[in-house]
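Reader: I'd like to learn how to read a fold from its strands and helices. Could you take me through one, step by step?

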Amino acid sequence: MYDYDLLVVGSANADLVVGVERRPGPGETVLGSDLAVHPGGKGANQAVAAARLGTSTALLARVGDDGHGRLLLDSLRAAGVDTVGVLVGGAPTGVALITVDPSGDNSIVVAPGANGRLTPGDVRAAGSLFHASRVVSAQLEIPLETVVEVVRNLAPDSRFVLNPSPPRPLPSEVLAACDPLIVNEHEAKVILGEACVSDRPEDWARLLLAKGPRSVVVTLGGAGSLVASSAGVERVPAVKVDAVDTTGAGDAFTAALASRLGAGAGLAEAAAYASRVGAAAVTRKGAQDSFPTAREVDGLEGGALEDGASGASGTGRRDEAPRDGVGGPGTAGGAL
C-alpha cells in the first residue's frame with residue numbers, strides 16, 4: 001500500500017520575476033517592471049502542480065532558513081504537499097532570476113543555493129519516503145550524484161520519471177531507470193550529443209530510447225509531443241490556448257504526466273492529459289500560481305478554455321529556457 005502517488009525529488013527556488021519589452025543584449029541594460037517574488041523551482045513546482053490535481057504528493061528538497069524558504073514551505077503546504085522531506089538550512093534558498101517578454105516567453109538564470117546541498121546522504125535518510133511512493137520524479141537542478149542515489153533507492157515496483165533540465169549527459173544507470181525520460185528539443189540534443197544525426201523528432205525519440213530509457217517523451221511546443229517505447233512512437237497533439245506566461249508550464253506538464261502514470265494510465269493517455277494541464281497553466285502569470293486544479297483542467301475541452309481562448313500551444317516553445325520544460329520540460333512549462 002502506497003502512502004503517496006508521487007514523490008518529487010528536486011529543487012525549491014524563489015522566483016524573482018521582471019517583465020521586459022525585450023531581453024538585453026551583451027553589455028546592455030533594459031528597464032523592466034516592478035519585481036515580483038513567487039515560489040518556484042522545478043521540484044517544488046512539480047509537487048504543487050501534482051497536489052493541485054488531487055495527487056497525494058510529497059517533496060524531498062532543501063531550502064534555506066530564510067524568508068524565501070518560508071515562502072516556499074507556505075506555498076507547498078497550502079497546495080497540500082507533504083513537506084516532511086523538505087530539509088531546512090545549509091545555505092540560502094535557491095533563487096531563479098526570470099525575465100518575461102510581452103509574448104510570454106521567458107529566460108531564466110538559477111542560483112542553486114540550498115538545492116546544491118541536497119546530498120546522496122539526504123536521499124538515503126529518506127528511504128521510507130521512497131518505499132511509500134508509487135512514482136518518483138526528479139530533475140537536474142540538484143546535484144547529479146543525488147539523482148543517481150534516487151535511482152538506487154527506488155522501491156522495487158515504483159516508476160521513475162526524469163525531466164533532465166537543465167540538460168547534461170546522463171550516466172547509463174540513470175537512463176536505464178527512466179520511464180519516461182521527458183525532454184524538449186534542446187534537452188534531447190544535449191543528451192544525444194554526437195548521436196543526434198537527424199532533424200526529425202521521431203528519430204530523436206528512437207535514438208534516446210536506444211540509450212536505455214524504458215520510455216521517452218519529446219515535447220514539441222505547438223506541434224504537441226511524441227511518446228516512444230518498445231511499442232513504437234506515437235504523436236500526441238498540442239492543446240491550443242492564448243499563452244500569457246510559459247514560466248513553470250513544463251513543470252506542470254511533467255507533474256501531470258507522472259500523476260496520471262501513478263493512477264495507471266498509459267503513456268500516451270498521460271501525455272495527452274499533461275498537455276491539457278500545461279495549456280491551462282500558460283494562460284496565467286507565474287509558476288505555482290498558474291497551476292490548475294483537476295476541475296479547471298476538465299473545463300479545457302476540445303483545445304479551448306471555457307472562455308474560448310485559442311492560439312498558442314500549452315506545451316510551450318520547442319526551445320524553451322532550460323529550467324522550464326513542460327513538455328519541453330518541458331512543453332507547456334519548461335519541458336515542452
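**Reading strands and helices**

Author: Let's begin with strand S4, which is covered on both faces: Thr57, Leu59, Ala61 and Val63 are buried on one side, and Ala58, Leu60 and Arg62 are buried on the other. Buried means under 20% relative accessible area, exposed means over 50%, and partly exposed lies in between (1.4 Å probe, protein chains only). Strands (E, at least two residues) and helices (H or I, at least four) are DSSP runs, numbered from the N terminus. This is a predicted model, where local features need pLDDT of at least 70 and side-chain atom pairs count only at pLDDT 80 or more, while totals for chains, interfaces and linings use all residues. Residues are numbered from 1 along each chain as its sequence is written, and side-chain values use heavy atoms, with hydrogens and water left out.

Reader: Which strands pair with S4?

Author: Strands of a sheet pair through backbone hydrogen bonds, either parallel or antiparallel. Two strands pair here if DSSP finds at least two bridges between them. S4 (residues 57-63) pairs with strand S1 (residues 4-9) in the parallel sense over four bridges, and Val8 has Leu59 as its bridge partner in S4. S4 is also joined to strand S5 (residues 82-88) by five bridges, again parallel, with Val86 in S5 as the bridge partner of Ala61.

Reader: What is the strand order in the open sheet of four strands?

Author: The order is S3-S2-S6-S7, with mixed pairing. Strands S3 (36-40) and S7 (106-111) stand at the edges with a single partner strand each, so one side of each has no neighbour in the sheet. From one strand to the next, the twist averages 25°; such angles run from 0 to 180 degrees between N-to-C directions, and axes are lines fitted to C-alpha atoms, for helices over the stretch in contact. S2 (residues 13-19) and S3 run antiparallel, joined by five bridges, and Asp15 has His38 as its bridge partner in S3. Helix H2 (residues 67-79) packs on this sheet, touching S2, S3 and strand S6 (94-100), and its direction makes about 60° with that of S3.

Reader: How do I read two packed helices, such as H1 and H9?

Author: Two packed helices are described by the angle between their axes and the distance between the axes. H1 (residues 42-52) and H9 (residues 249-262) pack at about 55°, with axes 8 Å apart. That makes H1 oblique to H9: angles under 35 degrees count as roughly parallel, over 145 as roughly antiparallel, 65 to 115 as roughly perpendicular and the rest as oblique. Lys42, Asn45, Gln46, Ala49 and Ala50 of H1 meet Asp251, Ala252, Thr254, Ala255 and Ser259 of H9, where contact means heavy atoms within 4.5 Å.

Reader: At what angle do H7 and H8 pack?

Author: Helix H7 (residues 185-192) and helix H8 (residues 201-210) pack at about 45°, with their axes 10 Å apart. H7 and H8 are therefore oblique to each other. On the H7 side the contact uses Glu185, Ala188, Lys189, Ile191 and Leu192, and on the H8 side Trp204, Leu207 and Leu208.

Reader: Is Ser225 buried or exposed?

Author: Ser225 is buried, with a relative accessible area of 0%. Ser225 lies in strand S12 (residues 225-229). Leaving aside neighbours within four places in sequence, its contacts include Val217, Leu220, Arg235 and Ala271.

Reader: And how many helices and strands does the chain have?

Author: The chain has eleven helices and 17 strands, and of its 336 residues, 60% count as buried.
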